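Thanks for making the time.

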Amino acid sequence: MASNPDEEVVLTENKGNVRLITLNQPKKLNVISPKVVYLLAENLEKWEKDDDVKLVIIKGAGRAFSAGGDLKVFYTGKTTKDYCLEVVYRFYWLCYHIHTYKKPQVALVHGISMGGGASLMVPMKFSVVTEKTVFAMPEASIGFHTDCGFSYILSHLPGHLGEYMALTGTRLSGKELVTAGLATHFVPLDKLSMLESNLVNLNSGDENAVKTAIEEFSISVDISEESVLNKQSIINECFSKDSVEEILESFEAEATKEGNEWITPVLKGLKQSSPIGLKINLRSIREGRKQTLLECLKKEFRLTINILRATISGDIYEGIRALTIDKDNSPKWDPPTLKEVDSEKLDLLFKAFGEGLELNVPENEEQRWSGKYEDSLYA
């Protein structure tokens, strides 16, 4: 296939009535860069409107599906106001269209699928995972929040698993993803390329036919007794509390009981996370239970822009510095403790923007692909 600059980060292939997308930055774990967002949106809109396209398949090159947003792009914008606003707007706008896409999509997911990268997996009609798949939403640990529609997705998990996932950034395996309902099928990695070939040869968007093709390779899953998904009663008891402080207190009490040794490293991670990040995430997930997908995405847009503007704290930049720039893993949070997080200041992050400044996703089906960044007041 001939190459051009557009094909460096996203490869697209036309195979009969099937369109294949490959996230193609393997050395960067297929991070979601501004260019990737633009190309995904452009192609998905074109294919949804093309009657000849029946099925869309997405996969990642190399050993990862996608590690999510490019944190170094965020960090680069530290000293330039709204440096990342365009890519954030475009990506959240795209997330809505992925969730509501009019044609079947299949995600073939091996390796890392984290943060925004998982927004190209979980909402798909069919999401196929393997024994190498690793999922997590680790945003709280760096002073960020669960975004790309995941304040909606996680809030609808059983019990209070959503709060647990958002606050702890706990990783789930492929089998756990299927068990939790965050993926549809588990296929052994050595069968994944054969499945892809079969889906291409099927050349159909008939959902039953696609499902049958996947089920030829998928196997039933059993999770280990140690899986966090088998700790639901403890999670519900602790993560149903009203505040982060009460959650930690309850979790610490559980950690002292016999058989609960698994809690100790999780607690350690929680205590090392950004206090303000933990508070933002708990509130966002709780609100998500009462919000529509679109309301969640609009809320997440406000949160992201306010966090990147360091409206009440620069923790996002300190978290990225400690994790990916200096790599000292010793962030200096502001404020440093949960009790010092001002609830009134926290309200500022969630406050609606003025008219015309919100994420604009038309709910009118005939105009569903309008509301783009270039049509907004920000452009």
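In α14, the residues Asp-315, Ile-316, Tyr-317, Glu-318, Gly-319, Ile-320, Arg-321, Ala-322 and Thr-324 are buried, where buried means under 20% relative accessible area, exposed means over 50% and partly exposed lies in between, with a 1.4 Å probe and protein chains only. Before I go on, please keep in mind that this is a predicted model, in which local features need pLDDT of at least 70 and side-chain atom pairs count only at pLDDT 80 or more, while totals for chains, interfaces and linings use all residues. Residues are numbered from 1 along each chain as its sequence is written, and side-chain values use heavy atoms, with hydrogens and water left out.

Helices (H or I, at least four residues) and strands (E, at least two) are DSSP runs, numbered from the N terminus. Helix α14 covers residues 315-325, and because nine of its 11 residues are buried, the helix is largely enclosed by the rest of the structure. What do the buried residues of α14 pack against? They pack against α2 (71-76), α12 (275-288) and α13 (293-308), contact being defined as heavy atoms within 4.5 Å. Just after α14, Lys-327 takes a positive phi of about 55°.

**Aromatic rings**

Turning to the rings, a search of the whole structure finds 14 aromatic pairs; rings of Phe, Tyr and Trp (its six-membered ring) pair if their centres lie within 6.5 Å, and planes under 30 degrees apart count as stacked, over 60 as edge-to-face and the rest as tilted. One of these is the edge-to-face pair of Tyr-101 and Trp-369, with 6.5 Å from centre to centre and 90° between the planes. This pair links distant parts of the chain, since Tyr-101 is in the loop between α3 (85-99) and β5 (105-109) and Trp-369 is in the segment after α15 (343-350), 268 residues apart. Tyr-101 and Trp-369 are both buried.

The ring centres of Phe-301 and Tyr-378 are 6.0 Å apart with the planes at 65°, so this pair is edge-to-face. Because Phe-301 lies in helix α13 and Tyr-378 in the segment after α15, the pair ties together parts that are 77 residues apart in sequence.

Arg-283, in turn, lies over the face of Phe-350, at 4.0 Å from the ring centre.

**Strand β5**

Strand β5 is mostly covered, with five of its five residues buried: Gln-105, Ala-107 and Val-109 point one way, and Val-106 and Leu-108 the other way. With strand β3 (residues 55-60), β5 pairs in the parallel sense over four bridges, pairing being counted if DSSP finds at least two bridges between two strands. Gln-105 in β5 is the bridge partner of Val-56. Four bridges also join β5 to strand β7 (residues 126-129), again running parallel, and there Val-109 stands opposite Val-129.

**Cysteines**

How many disulfides are there, if a disulfide is a pair of cysteine sulfur atoms within 2.5 Å? The count comes to zero. The cysteine sulfur closest to that of Cys-148 is in Cys-95, 4.4 Å away, which is too far for a bond. Cys-148 counts as buried, at 2% relative accessibility, and Cys-238 counts as buried at 0%.

Technical notes: A charge sits over a ring if NZ of Lys or CZ of Arg is within 6 Å of the ring centre and within 35 degrees of the ring normal. A disulfide is a pair of cysteine sulfur atoms within 2.5 Å.
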